[in-house]
Amino acid sequence: MTLLKLFNASNANSPKDDAGGFNAQLKSKGRDQSPSPPKDDVDFDSTEAATPEGKSSVSFLRSKVSLACLGILVLALLVVGGVGIFQYNTAPAAGRIQQQDTLFVADNHRGKAGKEPSLLCDSPVKCGHTIPGTGKKKLTFFQDLVCTEPPVNEDDCAITVSGEGAELDCNGFMITPTQDTSGSWKYGICVSNGAKAVKCPVQRFGVGFKGAGILIEDGGEIEDCEVMFNVNHGIEVIGSEDSTATTKISDTFIHDNGSRRTGISFTGETGSESSIQIEGVRTINNGGNGMVFGVFDDATLNLRVKDSETSYNRFTGVVIAGVPSAYVDFELEGFFNSRYNGSGMSFYLLREGEIKVKGVVNLYKNKYGGLSMLNTAVNVVVDKGGALNSCSNVVEDIYIDGSGTFSGNGYTCGTGGNSNRYPVCKACPSCPSE
């Protein structure tokens with residue numbers, strides 16, 4: 001059974017037209033897709049050797065750069081110097097991507113569009129590189145990583161970080177295929193078995209209906225990243241069969257990923273025990289759902305979401321679905337907003353579990369419903385000091401189909417009431433807060 005089949009129901013009851021325009025206040029913080037122009041030097045900081053044995057990365061590259069190469073690089077800088085600079089908080093511009101399968105050198109003017117390919121003599125890291133986690137190993141980018149060649153193997157990642165102690169610090173530099181190779185690389189960053197990636201903008205990965213900007217398998221950590229314009233999912237998380245793993249995603253912006261695809265997509269395979277912590281995350285304007293969590297036979301999911309938002313997605317802000325033998329424990333802390341989606345939050349086919357609202361949850365102005373519990377028996381509990389506000393959703397604010405229950409105080413809602421288990425709600429304000 002595939003995750004896509006399991007969640008067909010989440011799309012069936014959702015509007016088929018796009019869910020509104022993109023809020024100007026929530027637009028991308030990322031810079032343009034175009035990598036930064038190369039210089040005559042490379043500053044490559046890594047505990048992992050990236051040059052031939054016995055030579056440092058800097059001295060090795062300097063020894064390779066001829067006067068002719070220097071001249072070409074200087075000319076390239078002069079040519080692009082007259083092109084406009086795109087600030088970090090602007091929308092990406094339609095410029096050509098630099099044609100280099102390597103890391104590029106940073107300068108103070110990242111994000112210039114319309115550059116011609118420039119020559120960089122030799123390179124420390126190419127797409128397909130792996131950072132193993134034997135001991136503490138950290139790779140820091142000081143240049144963009146652009147994949148101009150298709151992968152050697154179909155399932156290769158642009159860069160792989162695997163094992164405890166392995167860390168990739170992109171330092172704000174982009175990982176992307178070119179326009180020519182977009183559609184041949186399934187994944188941008190692959191993180192597994194406790195590895196970590198930070199400060200990474202990732203875009204344009206995915207092949208057909210497979211792949212994602214970032215893949216996390218059997219645990220790992222993503223921090224301060226931007227994941228955008230990927231063909232399929234933004235971030236795909238997998239808890240493999242009978243595995244036990246912890247995944248953390250924090251301070252990350254996931255937006256504008258593929259048609260009918262998801263910002264964060266999780267699959268807990270049979271017998272897996274997965275702990276997922278999401279904090280300071282925004283999933284905005286994705287072509288399908290904002291977040292989807294699917295749990296299969298005898299799988300357990302402990303999900304914690306804090307100070308996050310999933311809005312302007314075509315279908316549902318958050319979907320949690322499973323099978324009768326799966327168990328889900330879902331806690332919401334701080335604030336959580338799900339607004340202007342097809343639906344706000346939906347639970348499907350769950351027989352065991354609890355949704356604990358410890359903070360303030362706002363399900364506002366979704367095109368279909370606010371909170372939906374379909375063929376589901378989980379219990380919703382609003383703790384003291386918590387609040388679940390579902391207001392101004394077009395069809396209904398709360399819908400129950402199953403034996404799910406509500407307890408605690410702090411509910412605010414309007415339309416609904418199809419069940420005697422419907423919570424006691426305060427009336428919605430005439431104009432709920434945005």
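This is a predicted model: local features need pLDDT of at least 70, side-chain atom pairs count only at pLDDT 80 or more; totals for chains, interfaces and linings use all residues.
Biologist: Let's start inside. What makes a set of residues a nonpolar core?

Modeller: The residues must be buried Ala, Val, Leu, Ile, Met, Phe, Trp, Tyr or Cys, joined through side-chain atoms within 4.5 Å. The largest such core here has 71 residues. Those with the most contacts inside this core are Leu168, Ile175, Ile189, Phe293 and Phe330.

Biologist: Which strand gives the largest share of this core?

Modeller: That is strand β23, residues 327-339, with 4 residues.

Biologist: And which residues does Ile189 touch?

Modeller: Leaving out residues up to four places away in sequence, Ile189 touches Ile159, Val161, Leu168, Ile175, Ala197, Cys200, Val202, Gly213, Ile214 and Leu215. A contact needs heavy atoms within 4.5 Å, so each of these residues meets that cut-off with Ile189.

Biologist: What else is there in the way of cores?

Modeller: There is a second, separate core of 6 residues, including Tyr187, Cys190, Ala212 and Ile238.

Biologist: Back to β23, then. How do you know that β21 and β23 are paired?

Modeller: Pairing calls for at least two bridges, and 9 join β21 (residues 300-311) to β23, so the two strands count as paired. They run parallel. If you want to find the spot in the structure, look for Ser308, which stands opposite Phe336 in β23.

Biologist: What makes β25 and β26 partners of β23 as well?

Modeller: The cut-off is again at least two bridges. β23 and β25 (residues 352-357) have 6 bridges, in the parallel sense, so they pass. Here Leu332 stands opposite Val357. β23 and β26 (residues 360-364) have 5, also in the parallel sense, so they pass too. In this pair, the bridge partner of Ser338 is Leu363 in β26.

Biologist: Why is Asn193 called partly exposed?

Modeller: Buried means under 20% relative accessible area and exposed means over 50%. Asn193 has 41%, which lies in between, so Asn193 counts as partly exposed.

Notes: Residues are numbered from 1 along each chain as its sequence is written. Side-chain values use heavy atoms; hydrogens and water are left out. Buried means under 20% relative accessible area, exposed over 50%, partly exposed in between (1.4 Å probe, protein chains only).
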